[in-house]
Structure formats: C-alpha cells, structure tokens
Amino acid sequence: MSETLSHRAPEPVGPYSHARRAGGLLFLAGIGPRVRGVEGVPGVTLSATGEVVAYDFERQCRQVFENIRLVLEDAGSSWDRIVDVTAFLTDMKRDFADFNRCYAEAFGHNTPTRTTVEVTRLPTPIAIELKVIATI
C-alpha cells in the first residue's frame, strides 16, 4: 500500500494522508473545502467567538470538488475514476437540494454510488466533507 500527501490540496487537520492506495483502489480521507495556505474557509463567516454565522454552501461544494480533483491527480487517478462517495453535511434540511444540484453538475455522466449523511459537526467550521473511493 502506498500513501499520497498532495502538496496542492489543503493540509490534513490530523496525522493522516490524503489518500492510500490498496491494489487498484484509491481511498481518500475526508476532504473539506479549505484551501492550502489560506487561513479560514471559503464562504464561511465566523463571529468574534469563532462560531459560524453564515456560509456559502455552493462555494464550499465547488472547493471540495476541486480539492478532491487535486488529490486524485496527485495520486495518479482522476475525477472520472471515482466509484463511491460518502458525503457528510451539517444541515441536510438546508443544503441537500443544493448539494444534489452541485453534485449533478460536477459529476455529469459519471454517477458513482453515494451515501449522504447529516452530522452534528465536522473538525473545522465547514458544512460539507466528502470521502471518496476511486480506481487507479
């Protein structure tokens, strides 16, 4: 098994690699919308105490998709080789329809299997995180 740590995607928030290859499969860690080398999260407005007061969900979706694309490319795979997606949303009621629309635009004819779950929170002040499996 080999590990990949992309130098273009945002740094992991813990002691793990962006992706790990096992046979012909590539397993990506949860990828959020942060941007490498940039403080804060695109589309997120925080209060003085660090609480999320507003966020642009579509902007976060687009950034997550871009971060996944970077990790896939750096690991020797590509967007069209994604076979499974697990999506974590912090507000299913508010964001699920927008997620479906953004997802359909991003994936086009490639329709991997997908599981979408609502979670109470994610490790950083983000509204979405994706975990992906792709072929190499």
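The numbered points below go through ring contacts, charges over rings, strand pairing and a surface patch.

1. Before anything else, please keep in mind that this is a predicted model.

2. Let me start with the aromatic side chains. The count of aromatic pairs comes to five. One of them joins phenylalanine 65 and tryptophan 79, with 5.6 Å centre to centre and 70 degrees between the planes, an edge-to-face arrangement. This pair links distant parts of the chain: phenylalanine 65 belongs to helix α1 (residues 57-74), while tryptophan 79 sits in the loop between α1 and β6, 14 residues apart. Phenylalanine 65 and tryptophan 79 are both buried.

3. The rings of phenylalanine 99 and tyrosine 103 have centres 5.5 Å apart and planes at 55 degrees, so this pair is tilted. The cut-off matters here, because only planes over 60 degrees apart count as edge-to-face. Phenylalanine 99 and tyrosine 103 are four residues apart in helix α2 (residues 92-107), so about one helical turn separates them. Phenylalanine 99 is buried, and tyrosine 103 is buried as well.

4. Which residues do the ring pairs link into a cluster? They are Phe65, Trp79, Phe99, Tyr103 and Phe107.

5. Two arginines deserve a look in your viewer. Arginine 114 has its charged end over the ring of tyrosine 103, 4.5 Å from the ring centre. Tyrosine 103 is also a member of the ring cluster. For arginine 94, the charged end sits over the ring of tyrosine 55, at 4.0 Å from its centre.

6. Now to the strands. Strand β1 (residues 2-4) and strand β2 (residues 19-22) run antiparallel and are joined by three bridges. Within this pairing, serine 2 has arginine 21 in β2 as its bridge partner. β2 also runs antiparallel to strand β3 (residues 25-28), with four bridges between them. Here arginine 20 stands opposite phenylalanine 27 in β3.

7. How many residues lie between β2 and β3 in their hairpin? There are two, and glycine 23 in the turn has a positive phi of about 60 degrees.

8. Finally, the surface. Leu25, Phe27 and Val83 make up a nonpolar patch there, with about 210 Å² of accessible area together. Valine 83 comes from strand β6 (residues 82-89). Its relative accessible area is 37%, so valine 83 is partly exposed.

Technical notes:
Residues numbered from 1 in each chain as written. Predicted model: local features only at pLDDT ≥ 70, side-chain atom pairs only at ≥ 80, totals over all residues. Heavy atoms only, no water. Patch = residues over 30% accessible without salt bridge, like charges linked within 9 Å, V, L, I, M, F, W, Y side chains within 5 Å. Areas by Shrake-Rupley, 256 points an atom, 1.4 Å probe, with all protein chains shown as cover. Salt bridge = Lys/Arg side-chain N within 4 Å of Asp/Glu carboxyl O. Buried < 20%, exposed > 50% of the residue type's maximum accessible area, 1.4 Å probe, protein only. Phe/Tyr/Trp six-rings, centres within 6.5 Å; stacked < 30°, edge-to-face > 60°. Lys NZ or Arg CZ within 6 Å of the ring centre and 35° of its normal. Pairing = 2+ DSSP bridges.
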